[in-house]
Amino acid sequence: METRKQILVLGGDSAIGKALAEGLSRDEHFELSATTRRRKEPARSFFDAHDAHTWNKLPDSPAAAFFCFGNTSLKECESNPGETRAINVEATLDLAQKYATQGTHVIFFSTSLVFEGKHPLSGPETEIRPQGEYARQKAETEERLLKLAGMVTVLRITKFLESLDSLMRQWMDELRAGEPVQPFHDRLICPFDRNLLCAASAGVIRKEVTGILHLSGEADISYHLLAAWVAEAIGARAELLDPISARDLALEPEPRFAWPPWTSLDMARSEKELGILPTPLSRVRKHIKALAAEAGGNSGMEKTGHE
Ligand SMILES: NC(=O)c1ccc[n+]([C@@H]2O[C@H](COP(=O)([O-])OP(=O)(O)OC[C@H]3O[C@@H](n4cnc5c(N)ncnc54)[C@H](OP(=O)(O)O)[C@@H]3O)[C@@H](O)[C@H]2O)c1
C-alpha cells in the first residue's frame, strides 16, 4: 500500500490552519499533524515560534509543512514592528530554512496586501508595493523564502471567508437586537473559501508546484455589501445598515493607506496548473446563510421581536 504523505500544519489553531488540517485530513493520501500553543492538548505538538526549544520537538522531514502561524494584526505590526517581525519574518525564515534543508516542501501563506491594489485582479507580473508594516513583513518573507534552496511555494491569498465569521456573527447579534451596524462602504475584500484553500493546498503538494500562486474570490465586494447579505440572511431591516467610510474612522496606529482599494487576485496560474477556480460570490452568500441558520436564522428575530 502507498505510504501516506506526512503533512505538518504550523499554527494549527489559526483560521486557515484549522480549516486546512480538517480538510486535508479527509484525504486518505495525507497524514496530518497540526501544532498548537495550547498546553491542554498534549496529543498535538506544542510549538511557540519565539521558543526555539519547541522547534526540536516538531516532526522531522514531513513531506510538506504549511506555515500558518504569525502575528496577523495590522495594528500590532504597525505599533510593534520589532516584535512582530521576529515571528513573521525571522522565525518563519529560520524554520523554513530548517525544513527546506530536510527536503520538506515549504508552503507559506502571504497576502494580497503586498500589492498597492490600484486595479482589481493583481497578477504575478504586478509590481509589489506593500503599504504598511504587516504587508512589508510578508513581502520580505516571500522574497527571502523564494531564494532558499529547496521546494518553496508562496500562496498569496485574499481574505479567508471564515476569518470574517466573528464579525458577521457580531452583526447578526446587533441586527437581531434592532441595533444599527456600520460597515465600511469604501473598503473592499474578496473572500475565498475553505474548498478553494484545501483543493489548492492538496494540488500544490501532489503536483509539487513551487513559486508564487494566487488564491482569490471571484470579485471584490465592500463590507457594506457583505453586511447587506448578512441582514438579508437573517431577515433584518435594511435600514439598520448605516454604512460609513473607513477614512472617517480613527484606525490608528493602523495607517489608512494599509488597505488597497482593490484586493482581488488573478488566479490564472493556479487555474492552469491546479484546475481550480476563484470562490464564486454565490458560495459566499451560501456560507452566510449557513452561519445565520447556525445562529438561529429568522427564528432568532422572532424571539427577540425585532423583525
Ligand atoms: N485569514 C486571512 O484572511 C489571511 C489573509 C491573507 C494572509 N493570511 C496569512 O495566512 C496565515 C494564517 O492566517 P490566519 O488569519 O488563519 O491566522 P490567525 O487566525 O490570526 O492565527 C494566527 C495563529 O498564529 C499563532 N501564533 C501566533 N504567535 C505564535 C507564536 N509565537 N508561535 C506559534 N504560533 C503563533 C496563533 O496561535 P494561538 O491560536 O495560540 O494564538 C494563531 O493560531 C498568516 O500567515 C496570515 O498572514 C491570512
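Q: Two strands pair here if DSSP finds at least two bridges between them. In what sense do β1 and β3 pair, and over how many bridges?
A: Strand β1 (residues 5-10) and β3 pair in the parallel sense, over four bridges. Strands are DSSP runs of E with at least two residues, helices are runs of H or I with at least four, and both are numbered from the N terminus.

Q: Before we go on, what kind of model is this?
A: This is a predicted model: local features need pLDDT of at least 70 and side-chain atom pairs count only at pLDDT 80 or more, while totals for chains, interfaces and linings use all residues. Residues are numbered from 1 along each chain as its sequence is written.

Q: Back to the strands. What stands opposite F67 of β3?
A: L10 does. F67 also has a bridge partner in β4, namely F108.

Q: How many bridges join β3 and β4, and in what sense?
A: Four, in the parallel sense. A65 stands opposite V106 in β4.

Q: And how does β4 pair with β5?
A: Parallel, over six bridges, with β5 covering residues 152-157. There V106 stands opposite V152.

Q: How many of the β4 residues are buried?
A: Seven of the seven, so β4 is largely enclosed by the rest of the structure. Buried means 20 or more other C-beta atoms within 10 Å of the residue's own; 12 or fewer is exposed, in between is partly exposed, and C-beta atoms are placed from the backbone.

Q: Which way do those β4 side chains point?
A: H105, I107, F109 and T111 point one way. V106, F108 and S110 point the other way. In a regular strand the side chains alternate between the two faces of the sheet.

Q: What about β3, buried or exposed?
A: A64 and F66 point one way from β3, A65 and F67 the other, and all are buried.

Q: Which residues touch the most others in the largest nonpolar core?
A: V9, F67 and V230, out of 70 core residues. Helix α8 (residues 223-234) gives the most to this core, with seven residues. A nonpolar core is a set of buried Ala, Val, Leu, Ile, Met, Phe, Trp, Tyr and Cys residues joined through C-beta atoms within 7 Å.

Q: What does V230 touch?
A: M168, W171, M172 and I288, leaving out residues up to four places away in sequence. Contact means C-beta atoms, placed from the backbone, within 7 Å.

Q: Which residues does the second core include?
A: C77, V114, F115 and A135 are among its seven residues, and this core is separate.

Q: Last one, overall shape. How many helices and strands?
A: 11 helices and eight strands. The radius of gyration, taken over C-alpha atoms, is 20 Å, close to the 19 Å from the globule rule for 307 residues, so the chain is as compact as a globular protein of that length. That rule is 2.2 Å times the number of residues to the power 0.38. The C-alpha trace spans about 60 × 45 × 40 Å along its principal axes.

Key
Two residues are in contact if their C-beta atoms, placed from the backbone, lie within 7 Å.
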